[in-house]
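Hi there,

Here is the structure I promised to send over.

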Amino acid sequence: MDKHWSAVCAFILALDVFVNVHLVFVEGADGNLKETLPKPGHCPRRLNIVRSRKGCECDEECPGNHKCCVFDGGAVCVPPAFPKKGVCPRRNWDAGLCVESCSDDSDCPHDEKCCFNGCGHTCTAPYTVKRGRCPSPQGTPMCAEYCYHDGQCPGEQKCCKTTCGHACSEPC
């Protein structure tokens, strides 16, 4: 009977990797299934930290706040990753360095986020999206990218599409 519940738990864990299921069922001391919520955070993209325990089937089996995460070598207990506040900037037209210098926000110093740069992932200063909506695109004298995100615009202005690029505009 224990193998049956282990298989159910392993199936739900594998399903969580693909569809982000937020409920886990574990066998209670009385033999009945009980519903538990997964621990906060998410599994890191890569196993580049020291695991706390090898071989797990559910978050419940991991110590403290560690989560049961599946990697190439199987399921292991690892500290969770938490996304930092802010948004990765929109990429420039050119591709960035083809290097993986981070795999999650937790790999980056201070408030920087781990962002895709067009080829790899690097630590990048995030920006906050300002309130309001962009007006309908307006013509500009030149086709150019005057901004890439709201954080580059003064005051309450937002970085909005024009007929041929992006420019700072008052929100509507």
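This is a predicted model: local features need pLDDT of at least 70, side-chain atom pairs count only at pLDDT 80 or more; totals for chains, interfaces and linings use all residues.

Residues are numbered from 1 along each chain as its sequence is written, and side-chain values use heavy atoms, with hydrogens and water left out.

Back to His110: this residue has a positive phi of about 50°, although it is not a glycine. As background, most residues other than glycine have a negative phi. You will find His110 in the loop that runs between β5 (74–78) and β6 (113–116). Strands here are DSSP runs (E, at least two residues), as are helices (H or I, at least four residues), and both are numbered from the N terminus.

Next, the salt bridges. The structure holds three of them, where a salt bridge is a side-chain nitrogen of Lys or Arg within 4 Å of a carboxyl oxygen of Asp or Glu.

- Lys67 is joined to Asp59, with the closest N and O atoms 2.9 Å apart. Lys67 counts as buried because its relative accessibility is 6%, and Asp59 counts as buried at 11%.
- Lys113 meets Asp105 through their side chains, at 2.8 Å from N to O. Both Lys113 and Asp105 are buried.
- Lys158 forms a salt bridge with Asp150, and their closest N and O atoms are 2.8 Å apart. Lys158 is buried at 6% relative accessibility, and Asp150 is buried with a relative accessible area of 6%.

Finally, a sheet. Three strands form an open sheet in the order β8-β10-β9, with mixed pairing. Its edge strands are β8 (144–145) and β9 (158–162), each of which pairs on one side only. Two strands pair if DSSP finds at least two bridges between them; β9 and β10 (residues 165–169) pair in the antiparallel sense over five bridges. Thr162 stands opposite Gly165 in β10.

Enjoy looking around in it!

Best wishes

Terms used
Buried means under 20% relative accessible area, exposed over 50%, partly exposed in between (1.4 Å probe, protein chains only).
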